[in-house]
Amino acid sequence: MRYNIEILPASLRQLRMLPKEARRLIGGKIELLQDGLTGDVKKLKGFKQKYRLRAGNYRVLFELEGATIVIYDVGDRKDIYE
């Protein structure tokens, strides 16, 4: 199943603040995510449709809304879950 990607404006700002190499890594992982949630994806405990994608030391938090992946947070693994 192919998913549509929606990145919220706040997440887009977070992504733009990251180093160039991190943006490339995360962008590649997001492209793979579109093709059936492939990659290092885990469901977040205590939530119904919230997941995280691991990209090196960075995490991408997203929700599934039908056939759409809504990315709502991007950041370093140390700070993302606060």
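This is a short talk on the fold, the surface and a few residues of one protein chain.

Good morning. Please keep in mind throughout that the model is predicted.

I shall begin with the overall layout. The secondary structure of the chain consists of two helices and five strands. Along the principal axes, the C-alpha atoms fill a box of roughly 30 × 25 × 25 Å.

How much of the chain is buried? Of the 82 residues, 33% are buried. As for contacts, let us take those between residues at least 6 apart in sequence: 45% of them join residues at least 24 apart.

Next, the surface and the charges. The chain exposes about 5,300 Å², and carbon and sulfur atoms supply 50% of that area. There are 17 positive and 11 negative charges in the chain. The mean position of the positive charges and that of the negative charges are 3 Å apart.

I turn now to the aromatic rings. A pair of aromatic rings is described by two quantities, the distance of the centres and the angle of the planes. The structure holds one aromatic pair. Why is the pair of Tyr51 and Phe62 called stacked? The ring centres of Tyr51 and Phe62 are 5.6 Å apart and the planes meet at 15°. Planes under 30 degrees apart count as stacked, so this pair falls in that class. The pair links distant parts of the chain, with Tyr51 in strand β3, residues 50-55, and Phe62 in strand β4, residues 58-65.

Tyr51 has a relative accessible area of 15%, so Tyr51 is buried. Phe62 has 0% relative accessibility and therefore counts as buried too.

Finally, I draw your attention to Leu37. Where does Leu37 lie? Leu37 is in the loop between α2, residues 20-34, and β2, residues 41-43. The phi angle of Leu37 is near 55°, which is a positive value in a residue other than glycine. With a relative accessible area of 22%, Leu37 is partly exposed.

That concludes my presentation. Thank you for your attention.

Conventions: Residues numbered from 1 in each chain as written. Predicted model: local features only at pLDDT ≥ 70, side-chain atom pairs only at ≥ 80, totals over all residues. Heavy atoms only, no water. Helix = DSSP H or I, 4+ residues; strand = E, 2+ residues; numbered from the N terminus. Buried < 20%, exposed > 50% of the residue type's maximum accessible area, 1.4 Å probe, protein only. Contact = heavy atoms within 4.5 Å. Areas by Shrake-Rupley, 256 points an atom, 1.4 Å probe, with all protein chains shown as cover. Lys, Arg positive; Asp, Glu negative; His and termini not counted. Charge placed at Lys NZ, Arg CZ, Asp CG, Glu CD. Phe/Tyr/Trp six-rings, centres within 6.5 Å; stacked < 30°, edge-to-face > 60°.
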